[in-house]
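This briefing covers a predicted model.

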Amino acid sequence: MTARIYRPARTAMQSGAANTKAWLLEFEPERPRIAEPLMGWTSSTDMRGQVKLWFHTRDEAIAYARREGIPFRVEVPHETKRRPMSYSDNFRFNRVGQWTH
């Protein structure tokens, strides 16, 4: 069973970068989930799918996977570039778009 090592992205409900600094080791599913015929609940016989291990750095996660003999795949996150902007930039004279109010 292959493990995936990555830094999770922020959720759509967040405006900040909370819980995006740590690295996560998560196992990929071996078998697909099955729908239970009576109630329609989904279930799985794969217990490793419930395990999530958090690490401070990518190197710690890789060292753990190598020490335990777990095959892994590392996904490097795409770094976002933030352009600092102040509120007064909305009213400057050399603005690209015209102010409509």
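In which sense do β1 and β2 pair, and over how many bridges? The pairing of β1 with β2 is antiparallel and runs over 4 bridges. Strand β5, residues 52-55, also pairs with β2 in the antiparallel sense, again over 4 bridges.

- Of the 5 residues of β2, 5 are buried, so the strand is largely enclosed by the rest of the structure.
- Burial applies to both faces of β2: Trp-23, Leu-25 and Phe-27 lie on one side, and Leu-24 and Glu-26 on the other.
- Glu-26 in β2 has Arg-4 opposite and also stands opposite Lys-52 in β5.
- Glu-26 has a relative accessible area of 16%, which is under 20%, so the residue counts as buried.

**Nonpolar core**

- The largest nonpolar core has 10 residues: Ala-3, Ile-5, Trp-23, Leu-25, Phe-27, Phe-55, Ala-61, Ile-62, Ala-65 and Ile-70.
- Two or more of these residues come from each of β1 (3-6), β2 (23-27) and α1 (58-68).
- Beyond its neighbours within four places in sequence, Ala-61 is in contact with Ile-5, Leu-25 and Phe-55.
- In soluble globular proteins, nonpolar side chains tend to be buried together.

**Salt bridges**

- There are 5 salt bridges in the structure.
- One of them joins the side chains of Arg-4 and Glu-75, with an N to O distance of 3.2 Å.
- Arg-4 belongs to strand β1 and Glu-75 to strand β6 (residues 72-75), so this pair ties together parts that are 71 residues apart in sequence.
- Both ends are partly exposed: Arg-4 has 25% relative accessibility, and Glu-75 has a relative accessible area of 26%.
- Lys-52 and Glu-26 form another salt bridge, in which the closest N and O atoms are 3.5 Å apart.
- Because Lys-52 lies in strand β5 and Glu-26 in strand β2, that pair ties together parts 26 residues apart in sequence.
- Glu-75 also meets Arg-73 in a salt bridge between side chains, at 2.6 Å from N to O.
- Arg-73 is partly exposed, at 36% relative accessible area.
- A network of salt bridges links Arg-4, Glu-28, Arg-73 and Glu-75.

**Surface**

- Leu-38, Met-39 and Trp-41 make a nonpolar surface patch of about 430 Å².
- Trp-41 sits in the loop between β3 (34-35) and β4 (42-43).
- The relative accessible area of Trp-41 is 57%, which is over 50%, so Trp-41 counts as exposed.

Technical notes: Residues numbered from 1 in each chain as written. Predicted model: local features only at pLDDT ≥ 70, side-chain atom pairs only at ≥ 80, totals over all residues. Heavy atoms only, no water. Core = buried A, V, L, I, M, F, W, Y, C linked by side-chain atoms within 4.5 Å. Buried < 20%, exposed > 50% of the residue type's maximum accessible area, 1.4 Å probe, protein only. Contact = heavy atoms within 4.5 Å. Pairing = 2+ DSSP bridges. Patch = residues over 30% accessible without salt bridge, like charges linked within 9 Å, V, L, I, M, F, W, Y side chains within 5 Å. Areas by Shrake-Rupley, 256 points an atom, 1.4 Å probe, with all protein chains shown as cover. Salt bridge = Lys/Arg side-chain N within 4 Å of Asp/Glu carboxyl O.
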